[in-house]
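User: I would like to learn how to read individual features of a structural model. Please give the general idea in each case and then apply it.

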Amino acid sequence: MNITRIALAATLALALPLAAQAQQAKLKVGLMLPATGTFAALGTAIENGFRLYVTEQGGKLGGREIEFVKVDDESDPSKATDNVNKLIKRDNVDVVVGTVHSGVALAMARAVKESNTLLIVPNAGADAITGPLCAPNIVRSSFSNWQPGFATGVMAAQKGYKRAMTIYWNYAAGQESAKGFTEAFEKGGGKVIKDLSLPFPNVEFQALLTEIAAQKPDVVFAFFAGAGAAKFVKDYDAAGLRKTTPLIGSGFLTDGVLEAQGPSAQGLLTALHYADGLNTPRDTAFRNKYAVSYKLQPDVYAVQGYDAAQILAAGLNAVKGDMGKRDVMLSAMRKSNIDSPRGKYTLAAAGNPVQDFYIREAKGRENLMTGIAVKVLPDPGRGCNMR
Ligand code: BEZ
């Protein structure tokens, strides 16, 4: 900066009240997402979606330019508290956006409750985040683990299956998805005869596939995602189970991984809050822009990242970028009606989307919408006592 510009900046700073200066400063968004490991591609899609929305708004939300600070959380819960505190305490971010893995997100929720930092969760479904850990400064643009599990259970019962087995990674996302599935499936007249699990991110499925072959259920519900889901679906097929025992799942089983799964995934039915082939003007516009920007088709993770930015924008617009008006901002975020590529939705009092769940069938490289599993499904928000 030359002398004249320094003098000008100093004069401007003196002339503007403090609140106005804060409004003009860049808004620091801390992105805590996996850049490595089995969920790396999911983290990239979330970041792509978030950045796309910001770009559409001319690089500003609520009139403030956005600056990104990034941390790779490695989907490792044991490093989560240190990682989120890098953003909160070292980088002084205005808002944290993250993450994919439920175990990591639980630690993030505890840390932001302590520091009162704003957190927008763009994937991780841990039920407690909009349950016992709910707080005015935490919202989610994705789902609770219970939701897609429950929707898949409704779909399975409607298909007339009676005996099911579940298989999942043994942490909050797998356990809670299977619980949601069991609740709806058993309400619909079915019975879950056995739950199988393995530690995250283990992909040695063989012993569990042998157990499924021995039990001969009518259907298998699976929770896996990312690279682990790609391997599971291929191993299920290679074990000969695809021909004898239908495999279903919450849509993470096939979202963003159909190319890697190849013929092994064809025909798989899943339930999720996003699908290919929605063919609404909103979704088509989003998909075209995403494809042009990233030379890729979007998936559910990209939509959730895009919507995280939309929710933040709803809050910032209400206060013209002045995060000092915190209560007004938080209330505007919660009350926003999100015009999402997945379809419009609102947030429940606990901060979780109330949204439709689609039935999807894997065809080629698409999870094509073939129907609705449950319309306007709220998470029960069990244990949320907002103060
Ligand atoms: C989770 O850990 O909450 C999660 C990870 C990947 C896909 C869906 C949920």
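User: How many disulfides does the structure hold?

Analyst: A disulfide is a covalent bond between the sulfur atoms of two cysteines. The criterion here is a pair of cysteine sulfur atoms within 2.5 Å. The structure, a predicted model, holds one disulfide, which joins cysteine 134 to cysteine 384 with an S to S distance of 2.2 Å. The torsion about the S-S bond of this pair is about 85°, so the disulfide is right-handed.

User: Which parts does the pair tie together?

Analyst: Cysteine 134 lies in the loop between strand E5 (118–121) and strand E6 (138–140), and cysteine 384 lies in the segment after strand E15 (366–377), so the bond links parts that are 250 residues apart in sequence. Helices (H or I, at least four residues) and strands (E, at least two) are DSSP runs, numbered from the N terminus.

User: Which conventions apply to the numbering and the confidence of the model?

Analyst: Residues are numbered from 1 along each chain as its sequence is written. Local features of this predicted model need pLDDT of at least 70, side-chain atom pairs count only at pLDDT 80 or more, totals for chains, interfaces and linings use all residues, and side-chain values use heavy atoms, with hydrogens and water left out.

User: Where are the cis peptide bonds, and what is the phi of glutamate 74?

Analyst: Most residues other than glycine have a negative phi, and most peptide bonds are trans. A cis peptide bond joins glycine 98 and threonine 99, with omega about 0°; threonine 99 lies in the loop between strand E4 (95–97) and helix H5 (102–115). A cis bond also joins phenylalanine 200 and proline 201, again with omega about 0°. Glutamate 74, although not a glycine, has a positive phi of about 60°, and its place is the loop between strand E3 (64–72) and helix H4 (80–90).

User: Which polar atoms lie by the oxygen atoms of the ligand?

Analyst: A polar contact is a pair of N or O atoms within 3.5 Å; within protein, one must be able to donate a hydrogen and the other to accept it, and residues adjacent in sequence count only if both atoms are side-chain atoms. A polar side-chain atom of serine 102 lies 2.6 Å from a ligand oxygen. Backbone atoms also take part: a polar one of glycine 125 is 3.0 Å from a ligand oxygen, and an N or O atom of valine 100 is 3.4 Å from one.
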